[in-house]
Number of protein chains: 2
Amino acid sequence: MKNQQCMGPEIAGCSFSIHPMSDDFIEIITGALKNVDTSKVWMKTDDVTTTVRGKLIHVFDVTKAIFIHAARTGEHVAFQATYSLGCPGDSAGDVYMAEDDIAVYNSQVNDIKQPVAAKFSLYPLGGGNYMNVIMEQIEAMKSHVDVSHAHYSTRLDGGAINVFEGLEKVFQATVLGGSSHTVMTVSISANSPSSKRGGNRE
Amino acid sequence: MKNQQCMGPEIAGCSFSIHPMSDDFIEIITGALKNVDTSKVWMKTDDVTTTVRGKLIHVFDVTKAIFIHAARTGEHVAFQATYSLGCPGDSAGDVYMAEDDIAVYNSQVNDIKQPVAAKFSLYPLGGGNYMNVIMEQIEAMKSHVDVSHAHYSTRLDGGAINVFEGLEKVFQATVLGGSSHTVMTVSISANSPSSKRGGNRE
């Protein structure tokens with residue numbers, strides 16, 4: 001972690017992977033990354049993850065659109081992401097902060113019905129009553145999707161749009177609630193052949 | 001989170017997913033889960049992740065063996081895991097604590113050469129000088145594999161066995177160092193067609 005600089009809570013970011021369980025995985029991954037408008041964020045892909053950095057609204061908008069694009073192929077697709085904001089070890093570079101707060105994809109994808117099953121975990125770092133913050137936000141998630149207990153995470157069942165909406169709201173509320181360094185991880189599964197739940201809130 | 005009970009730091013656990021980027025993903029996943037000896041842990045698979053709970057040594061041993069089993073198919077396989085110990089919201093059930101500390105797979109897999117690229121993040125929750133703990137453990141990781149900076153994580157390049165050895169040591173040191181609630185996430189990629197690095201410490 002060279003050239004560390006505390007940039008405050010402005011730069012949100014996400015390190016994520018799309019895993020299509022298909023021989024066509026390269027076409028599905030590159031298709032999703034290329035066909036989504038990422039002009040409002042900084043984005044870079046390597047052989048492990050793709051990193052997106054910018055304003056919180058655009059980071060969620062772009063990752064949601066990339067997942068939806070991959071899931072709409074109908075293949076079994078898993079999405080793994082770590083969202084982060086306020087890391088004291090974060091660097092100042094590798095970011096593009098679009099001036100506006102207009103999400104590119106919200107109006108385009110909000111009608112898409114894509115049932116998913118997900119597990120998310122919220123980590124407000126640096127102390128305080130972090131377990132209370134987590135419990136509050138699990139409660140808040142119930143207004144978006146079906147919520148149930150899982151080990152080391154909270155299970156979410158519903159439409160992909162509702163899951164991403166819930167994740168963005170919960171993350172934003174944790175930041176606005178005073179968490180100086182917020183991390184949230186999520187695993188989302190679409191079109192799983194072993195799915196017995198999911199999508200029942202569509 | 002019903003029936004919560006603080007169990008102290010004894011029960012380690014991991015919620016993980018294996019993602020083979022192949023049409024044969026079902027056979028690869030079920031093959032890995034079925035053929036690994038999981039008798040020393042509690043394990044349950046649903047449509048999003050597999051959860052393993054037990055003694056720390058066995059949780060790492062079993063997850064390492066499952067990943068190695070899947071990666072040895074030669075397919076591009078991604079492994080995503082969250083290791084956790086000491087969560088105040090953890091429940092007492094769903095666990096099997098084998099009495100011994102003899103890892104089933106250490107002697108069987110330690111000669112396997114499987115280059116991987118990985119990104120890991122350590123989250124000591126509950127306050128304190130958590131950034132110092134993270135920086136210390138990133139330094140400690142350098143004795144196991146090649147370590148480089150990545151956004152929101154630390155990149156590891158080397159053999160799969162060395163990566164898992166480093167992850168277990170770092171997690172254990174964080175717990176023994178006094179962290180009351182320790183979380184560690186890792187993304188590991190094997191046999192990636194886009195890999196330009198990895199395995200150079202084999």
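How many residues of chain A are in contact with residues of chain B? The contact set is 61 residues of chain A with 61 residues of chain B, where contact means heavy atoms within 4.5 Å.

A word on conventions first. This is a predicted model, in which local features need pLDDT of at least 70 and side-chain atom pairs count only at pLDDT 80 or more, while totals for chains, interfaces and linings use all residues. Residues are numbered from 1 along each chain as its sequence is written, chains are lettered from A in the order in which they are written, and side-chain values use heavy atoms, with hydrogens and water left out.

**The interface and its symmetry**

Chain A and chain B bury about 4,600 Å² between them, and 63% of that lies on carbon and sulfur atoms. Buried area here is the accessible area (1.4 Å probe) that two parts lose on being put together, summed over both.

Superposing chain A on chain B takes a rotation of 180° with 0.0 Å of shift along its axis, at an RMSD of 0.0 Å. The two copies are thus related as by a two-fold rotation axis. Of the residues of chain A, A:G127 comes closest to the axis, its C-alpha being at 1.7 Å. The copies meet through the same surface, because 100% of the interface residues of chain A are also interface residues in chain B.

Between chain A and chain B there are 18 residue pairs in polar contact, both residues being at pLDDT 80 or more. A polar contact is a pair of N or O atoms within 3.5 Å; within protein, one must be able to donate a hydrogen and the other to accept it, and residues adjacent in sequence count only if both atoms are side-chain atoms. On the chain A side, elements that each supply at least two residues include β1 (12-20), α1 (25-35) and β8 (181-190); helices (H or I, at least four residues) and strands (E, at least two) are DSSP runs, numbered from the N terminus. β1(A) gives the most, with 7 residues.

**A histidine at the boundary**

A:H181 lies in strand β8 of chain A and is buried, with a relative accessible area of 4%. Buried means under 20% relative accessible area, exposed over 50%, and partly exposed in between (1.4 Å probe, protein chains only). The side chains of A:H181 and B:Y130 are joined by a polar contact of 2.7 Å. Leaving aside neighbours within four places in sequence, A:H181 is also in contact with residues including A:Y123, A:L125 and B:M131.

**Salt bridges**

The structure holds 16 salt bridges over all chains, and the count between chain A and chain B is 6. A salt bridge is a side-chain nitrogen of Lys or Arg within 4 Å of a carboxyl oxygen of Asp or Glu. Here are some of them:

| A:K119 | B:D46 | 2.8 Å |

Salt bridges that share partners join A:D46, A:D47, B:K119, B:R155 and B:D157 into one network.

Within chain A, the side chains of A:D90 and A:R53 meet in a salt bridge of 2.9 Å, N to O. A:D90 lies in the loop between β4 and α3 and A:R53 in strand β3, so the pair ties together parts that are 37 residues apart in sequence. Both A:D90 and A:R53 are buried.

Technical notes: Copies are superposed by least squares on the C-alpha atoms of residues with pLDDT of at least 70 in both.
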